[in-house]
Amino acid sequence: MGSSATEQRKLLKQLMGRDPNKIQNRSNYSYRRKDLGLYDPKICKSYLVGECPYDLFQGTKQSLGRCPQIHLAKHKLQYEREKKRGKQFPEFEQEYYAILHKFVHDCNDQVTIALKKLEHTPDERARIQEVTSELDVLDNRIGLMIQEIESLIKANEVSQAMIQAINLQELQSKRLEVGKKVKNITENVGQSAQQKLQVCEVCGAYLSRLDTDRRLADHFMGKIHLGYVKMRSELDTMDQRLKNS
C-alpha cells in the first residue's frame, strides 16, 4: 500500500532529517537557549506536533521499522507548554504537513490504481459508489470514535468515555443495517466474485462487502486503517488552518 516500506523510510529521512540551521527565514524566529533542545535535528518533529508515521504503523505489514529520531515524552510536554504560552513552531508544522501530505497522496494514487484493477463498468462503479458512500462515512465515524474513547480512558474521563461507548454501539448497529443493505444490492449487480471486491478509500486495502461483519470490523478497527484515518483527519485540520490563516 502506498510506497514500499524502503521508499517511505527514505522519504521520512529526507523530510525529517533536515538540518534546522538550513531552514529558510531562520532570522524570523527567536532561538533562545532554552529552545535549542526542541530544534535539535535528532528530535522527531512529527512526534512533537502529532504522531510519527513510524509509530502509527509499527507492528503492521506496513511497518517502517523504528524511527531514527528521538521520541521522548519530556520533549513533547515542553513543546505543548511552549505552544500554550503562545510560541509558534511553523517550521515543525510544515515538516509534519509535508509528511502527512505525501503519505495521503501516495495512498490516494494506490486507491485509484486498485479501483481500475477491479474492472467494474462505469455504470456498476457508479451504482456501487452510491450505495457504499453512507457505509464509508459510518466506518470513518466509528474509527474516530474508537480513538476518542481510548483517549478519554487514558485521560481518566470514564463518564464521558461511557457516554461515547453508548454512541459507538448505536453507530455500529446502524452500520450493521446499512451493511446488510449494501450486501443485498451488490449481490444483485451481477458481478463475478472478484468484481465484488471493494477498495477501502481510506487506506487502500482490498475488502469484500460480502465479508462477515466481524471481518469487516477487524479491518476498520485495524492499526493500518486507523493510522490513515488519523493522517487524513490531521491533514484536513491543517489544510483548514492554512486556508483561514
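Student: About how many helical turns separate E234 and K230 in helix α10?
Tutor: The model is a predicted one. In helix α10, E234 and K230 are four residues apart. So the separation is about one helical turn.

Student: How far apart are the closest N and O atoms of E234 and K230?
Tutor: Side chains of opposite charge can pair when their charged atoms come close. E234 and K230 form a salt bridge. Their closest N and O atoms are apart by 3.2 Å.

Student: Is E234 buried or exposed?
Tutor: Buried means under 20% relative accessible area. E234 has 17% relative accessibility. That is below the cut-off, so E234 counts as buried.

Student: And how does K230 count at 22% relative accessibility?
Tutor: Residues between 20% and 50% fall in the middle class. K230 is at 22%. So K230 counts as partly exposed.

Student: Which residue is linked with K230 and E234 in a network of salt bridges?
Tutor: We have already paired E234 with K230. The network holds these two and one more residue, E51.

Student: How many salt bridges does a search of the whole structure find?
Tutor: The pair of E234 and K230 is a salt bridge. The search covers the whole structure, and its count is nine.

Student: Which helix holds both D106 and K102?
Tutor: The side chains of D106 and K102 meet in a salt bridge, at 3.5 Å from N to O. The two residues are four apart, about one turn of the helix. Both lie in α6.

Student: Is D106 buried or exposed?
Tutor: The limit for buried is under 20% relative accessible area. K102 is at 32% and counts as partly exposed. D106 has 10%, so D106 is buried.

Student: How many residues apart in sequence are the parts that R175 and D139 tie together?
Tutor: R175 forms a salt bridge with D139, with the closest N and O atoms 2.8 Å apart. R175 lies in helix α8 (residues 158-187), and D139 lies in helix α7. So the pair ties together parts whose distance in sequence, in residues, is 36.

Student: What is the relative accessible area of D139?
Tutor: R175 counts as buried, at 10% relative accessibility. D139 is buried too, with a relative accessible area of 3%.

Student: About how much space lies in the largest pocket?
Tutor: Rolling a probe the size of a water molecule over the atoms shows where empty space is left. For the largest pocket, that space is about 510 Å³.

Student: Which residues that line the largest pocket are the closest to its centre?
Tutor: The lining has 15 residues. α4, α7 (122-154) and α10 each give two or more of them. The closest to the centre are E51, Q147, E150, S151 and K154.

Student: How many charged residues are in the lining of the largest pocket?
Tutor: The lining draws at least three residues from each of domain 1 (41-120 + 195-244) and domain 2 (122-193). By class, four are nonpolar and four are polar. The charged residues number seven.

Student: Which residues lie nearest the centre of the second largest pocket?
Tutor: This pocket has a volume of about 440 Å³. Its lining has 21 residues. Nearest the centre lie K61, C203, A205, Y206 and H219.

Student: How many nonpolar residues are in the lining of the second largest pocket?
Tutor: α6, β2 (206-208), α9 and α10 each supply at least two residues of this lining. By class, six are polar and six are charged. The nonpolar residues number nine.

Student: In which loop is N156 found?
Tutor: N156 has a positive phi, near 65°, though N156 is not glycine. At 63% relative accessibility, N156 counts as exposed. Its loop is the one between α7 and α8.

Terms used. Residues are numbered from 1 along each chain as its sequence is written. This is a predicted model: local features need pLDDT of at least 70, side-chain atom pairs count only at pLDDT 80 or more; totals for chains, interfaces and linings use all residues. Side-chain values use heavy atoms; hydrogens and water are left out. On a 1 Å grid over the protein atoms alone, a cavity is a set of points where a 1.4 Å probe fits but cannot get out, and a pocket is an open set with protein on both sides within 12 Å along at least five of seven lines; lining residues have an atom within 4 Å of a point. Grid points are joined across faces, edges and corners, and a volume is the space filled by probe spheres set on the points. Ala, Val, Leu, Ile, Met, Phe, Trp, Tyr, Cys and Pro count as nonpolar, Asp, Glu, Lys and Arg as charged, and the others, Gly among them, as polar. Domain bounds come from an automatic or database domain assignment. A salt bridge is a side-chain nitrogen of Lys or Arg within 4 Å of a carboxyl oxygen of Asp or Glu. Buried means under 20% relative accessible area, exposed over 50%, partly exposed in between (1.4 Å probe, protein chains only).
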